[in-house]
Amino acid sequence: MFHRILVATDGSELADKAVSKAIALAALFEAELVALTVVRRQPRSYMEGSSSVQSEELARVDDGRAEQARSMIEAVEKRAKARGIPVRTATVKSNQIGDSIVAAARTHGSQLIVMASHGRRGLARAVLGSATDHVLTHSEVPVLVLR
């Protein structure tokens with residue numbers, strides 16, 4: 001049924017549940033797993049929401065985020081390979097989380113997206129938005145959302 005399953009992770013405890021479910025589904029369907037994380041870009045200008053920050057500091061923050069993302073994805077890869085599941089990894093730098101997940105699913109030919117929803121409500125949802133809602137409304141493939 002599913003030959004390639006994309007799992008999106010942000011390294012949170014809730015996202016870890018999505019990773020576990022995606023690995024289990026990949027094992028069940030003998031599917032390949034695509035592990036994806038989207039790294040938010042550090043704002044570079046006032047128009048992007050940044051205060052005056054030195055370029056060296058921006059580079060340090062970006063390097064730290066990239067290293068954290070690499071560690072997250074390597075952990076997912078290790079778990080999948082331990083179950084004998086073929087896995088590929090992807091890291092995208094973007095502030096458009098939902099768009100990046102939908103685009104990655106399309107790029108990798110995924111038939112299912114597995115992700116978590118943090119269930120934000122009220123002001124937090126209005127300010128932070130919902131990547132999950134975006135994926136649900138824009139994905140061309142089924143989306144499994146875990147809470």
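This report describes the sheet, the helices and the side-chain pairs of a predicted model.

## The sheet

The model contains an open sheet of five strands, arranged in the order β3-β2-β1-β4-β5 with parallel pairing. In general, strands of a sheet pair through backbone hydrogen bonds, and the pairing may be parallel or antiparallel. The edge positions belong to β3 and β5; each has a single partner strand, so one side of each lacks a neighbour in the sheet. From one strand to the next, the twist averages 20°.

The pairing of β4 with β5 is parallel and involves four bridges. Within this pairing, M115 has V145 in β5 as its bridge partner. Helix α3, residues 97–108, packs on the sheet and touches β1, β2, β3 and β4. The direction of α3 makes about 150° with that of β2. Helix α5, residues 131–138, also packs on the sheet, where it touches β4 and β5. The direction of α5 makes about 160° with that of β4.

## Helix α1 and its surroundings

Helix α1 covers residues 13–29, which is 17 residues. From its first C-alpha to its last, α1 reaches 25 Å, close to the 24 Å expected at 1.5 Å a residue. After α1 comes E30, which has a positive phi near 55°.

Which residues of α1 are buried? They are L14, A15, A18, V19, A22, I23, L25 and A26. The elements that cover these buried residues include β1, β2, α2, β4 (112–116) and β5 (143–146).

## An aromatic pair

The structure has one aromatic pair. It consists of F2 and F29 in an edge-to-face arrangement, with 5.2 Å centre to centre and 90° between the planes. This pair links distant parts of the chain: F2 lies in the segment before β1, F29 lies in helix α1, and they are 27 residues apart.

Are the two partners buried or partly exposed? F2 counts as buried because its relative accessibility is 14%, under the 20% limit. F29, at 25% relative accessibility, counts as partly exposed.

## Salt bridges

Side chains of opposite charge can pair when their charged atoms come close. Five salt bridges are found in the whole structure. One of them joins the side chains of R4 and E32, with an N to O distance of 2.5 Å. R4 belongs to strand β1 (residues 4–8) and E32 to strand β2 (residues 32–39), so this pair links distant parts of the chain, 28 residues apart. E32 counts as buried at 16% relative accessibility, whereas R4 counts as partly exposed at 22%.

E32 also forms a salt bridge with R88, in which the closest N and O atoms are 3.1 Å apart. R88 is partly exposed, with a relative accessible area of 31%.

A further salt bridge joins the side chains of E77 and K81, at 3.4 Å from N to O. Because E77 and K81 are four residues apart in helix α2 (residues 55–82), about one helical turn separates them. An α-helix has 3.6 residues a turn, so residues three or four places apart point the same way. E77 is partly exposed, with a relative accessible area of 23%, while K81 counts as exposed at 51% relative accessibility. Elsewhere, salt bridges with shared partners join R4, E32 and R88 into one network.

Notes: Residues numbered from 1 in each chain as written. Predicted model: local features only at pLDDT ≥ 70, side-chain atom pairs only at ≥ 80, totals over all residues. Heavy atoms only, no water. Salt bridge = Lys/Arg side-chain N within 4 Å of Asp/Glu carboxyl O. Helix = DSSP H or I, 4+ residues; strand = E, 2+ residues; numbered from the N terminus. Buried < 20%, exposed > 50% of the residue type's maximum accessible area, 1.4 Å probe, protein only. Expected span 1.5 Å × (residues − 1). Contact = heavy atoms within 4.5 Å. Phe/Tyr/Trp six-rings, centres within 6.5 Å; stacked < 30°, edge-to-face > 60°. Pairing = 2+ DSSP bridges. Axes fitted to C-alpha atoms, helices over the stretch in contact; angles between N-to-C directions.
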